[in-house]
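Take a moment to turn the model around on your screen before reading on. This report then walks through some of its parts, one at a time.

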Amino acid sequence: MFLGTNSDNNFIITDMVNFGFLSIFPFFSKLLEININIVISIFFLAIFLISLALTILSVIILTKNKVKKIFLITLTLFIYYILYEIILIKHAEYFIYFFWGILPISTFLIFKLSRKYIFILLLLYSFLIPLLGSLVYFSFLGFFIFLNLIILSLDTNIKIKIKYLTFPYFAVLILYFFTELSNNYSQINLKKIDPTAEVKILRNVGNNLIPTLYAGMGFINSDNFKREFSDNEILKLIGKVDANENKIIKNSIRNQTQITNTDIQILKKKILNIVLENPLFIFRLYTAKIGVLIGYFIVICNISLIFFFLNIKKNIFGVPLLFNLFFSSLFPIISIPSFIYSLPFIASSISIYYFSIIFNKKLI
């Protein structure tokens with residue numbers, strides 16, 4: 001699943017997975033002597049059920065009114081049923097985005113408890129950041145900003161706040177260390193297989209900002225793109241797909257999506273040219289993307305936005321939730337605001353909706 005072969009039948013790491021997939025699942029598969037497909041299925045199902053359980057538990061404890069409690073529990077079950085059918089059994093890794101986006105609801109509960117529970121919570125988050133971050137890079141960004149703002153807003157002395165902040169920042173450093181270790185290990189093995197290969201080859205089109213930004217420009221019609229959001233548009237520009245897009249011209253020993261630092265420079269130059277030559281297109285492009293996200297936000301939150309903004313200054317979670325929403329919007333804005341790519345934004349919007357309903361005392 002995670003290894004491929006080159007022309008000499010040497011095993012090589014494929015470039016379509018993040019390093020967590022290359023280490024966590026094979027390790028536990030070997031340790032437990034369980035098929036790796038089963039290990040992966042159990043892992044994502046566990047993340048799904050934990051998220052569901054935390055959300056429902058938070059609703060039960062935080063919601064005082066029985067009518068609101070029944071409504072939100074029913075809504076939660078419906079949302080997770082849709083996610084199971086559309087995301088978990090087809091694109092399981094994208095559920096990680098939703099997991100982080102809706103986690104603030106559970107954070108409401110924990111931060112209302114004593115200090116020892118906050119330490120337990122931060123230890124849990126510090127474990128999840130490198131674990132889930134190794135599977136889907138930067139998936140935790142919005143929640144990380146949210147958590148920082150919550151900690152800084154707490155009614156406690158600065159020394160306690162620094163202690164709290166140590167946990168998530170240390171977790172990010174651990175993730176960064178293993179990411180670099182994985183990249184260096186990959187480069188060393190690549191050079192052993194192909195001594196002529198360019199150093200610091202980027203493993204994955206989708207895991208890099210510049211290629212994703214370029215492909216995301218295909219969201220609206222233009223002369224530059226034939227498809228809405230396709231890796232082939234990237235490969236075509238850097239000369240790795242023929243004119244008919246039926247054949248990879250420069251297939252690498254790793255995968256057809258292999259791109260180099262030279263390719264990145266080509267993509268940067270093309271993006272800059274589009275920005276300078278057609279600023280109206282750029283304006284239409286990003287207003288269209290933002291417009292779709294605003295549509296999601298209004299549909300999800302609807303009239304509850306009135307309650308949210310009326311209470312935003314009365315609760316330390318209000319402003320951090322907006323920051324969580326903003327940073328969660330970056331992924332679909334850079335790529336495209338489809339349902340799957342907008343999951344972090346959708347989950348953040350749901351968190352605001354729950355916040356508005358739970359903490360609005362004027363509503364039943």
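What follows is a short tour of a predicted model, from the whole chain down to single residues.

## The chain as a whole

Let's start with the overall picture. The secondary structure of the protein chain comes to 15 helices and two strands. The chain has 364 residues, and 48% of them count as buried.

How do parts of the chain meet one another? Among contacts with a separation of 6 or more, 68% are between residues 24 or more positions apart.

## Two helices that cross

Two packed helices are described by the angle between their axes and the distance between the axes. Helix H1 (residues 19-32) and helix H2 give us an example: they pack at an angle of about 110°, with their axes 9 Å apart. Angles from 65 to 115 degrees count as roughly perpendicular, so H1 is roughly perpendicular to H2. On the H1 side, the contact is made by Phe21, Phe25, Pro26, Phe28 and Ser29. On the H2 side, the partners are Ile36, Val39, Ile40, Phe43 and Phe44.

Between H1 and H2 there is a loop, and Glu33 sits in it. Most residues other than glycine have a negative phi. Glu33 is not a glycine, yet its phi is positive, at about 55°. Is Glu33 buried or exposed? With a relative accessibility of 73%, Glu33 counts as exposed.

## Helix H3 and its neighbours

Helix H3 covers residues 66-88, which is 23 residues in total. From its first C-alpha to its last, H3 reaches 31 Å, close to the 33 Å expected at 1.5 Å a residue. Have a look at where H3 begins: there, a side-chain oxygen of Asn65 reaches to within 2.8 Å of the backbone nitrogen of Val67.

Which residues of H3 are buried? They are Lys68, Leu72, Thr76, Ile79, Tyr80, Leu83, Ile87 and Leu88. Their cover includes helix H2 (36-62), helix H4 (95-110) and helix H15 (343-359).

## Two residues in this neighbourhood

Thr76 lies in helix H3. With a relative accessible area of 1%, Thr76 is buried. Setting aside neighbours within four places in sequence, Thr76 is in contact with Leu52, Thr55, Ile56, Val59 and Tyr354.

Now move to Ile358, in helix H15. Ile358 has a relative accessibility of 8%, so Ile358 counts as buried. Which residues does Ile358 contact, leaving aside its neighbours within four places in sequence? They are Leu62, Thr63, Lys68 and Leu72. Ile358 also shows how a chain can fold back on itself: Ile358 and Lys64 are 294 residues apart along the chain, but their C-alpha atoms are separated by 8.0 Å.

## A pair of aromatic rings

A pair of aromatic rings is described by the distance of the centres and the angle of the planes. A search of the whole structure finds 34 aromatic pairs. One of them joins Phe108 and Phe317: the ring centres are 4.6 Å apart and the planes are at 70°, so the pair is edge-to-face. Phe108 belongs to helix H4, while Phe317 is in the loop between helix H12 (304-311) and helix H13 (318-328). The pair links distant parts of the chain, 209 residues apart.

The 19 residues of H5 should span 27 Å at 1.5 Å a residue, and the end C-alpha atoms are 26 Å apart, which agrees.

Ser126 lies in helix H5 (residues 115-133), and its relative accessible area of 13% makes it buried. The side chain of Ser126 reaches the backbone oxygen of Phe167 at 3.1 Å. Beyond its neighbours within four places in sequence, Ser126 is in contact with Phe167, Pro168 and Ala171.

## One more positive phi

Our last stop is Asn302, in the loop between helix H11 (279-301) and H12. Asn302 has a positive phi of about 40° although it is not a glycine. With a relative accessible area of 37%, Asn302 is partly exposed.

Technical notes. Residues numbered from 1 in each chain as written. Predicted model: local features only at pLDDT ≥ 70, side-chain atom pairs only at ≥ 80, totals over all residues. Heavy atoms only, no water. Helix = DSSP H or I, 4+ residues; strand = E, 2+ residues; numbered from the N terminus. Expected span 1.5 Å × (residues − 1). Buried < 20%, exposed > 50% of the residue type's maximum accessible area, 1.4 Å probe, protein only. Contact = heavy atoms within 4.5 Å. Polar contact = N/O pair within 3.5 Å; in protein donor to acceptor, adjacent residues only side chain to side chain. Phe/Tyr/Trp six-rings, centres within 6.5 Å; stacked < 30°, edge-to-face > 60°. Axes fitted to C-alpha atoms, helices over the stretch in contact; angles between N-to-C directions. Parallel < 35°, antiparallel > 145°, perpendicular 65-115°, else oblique.
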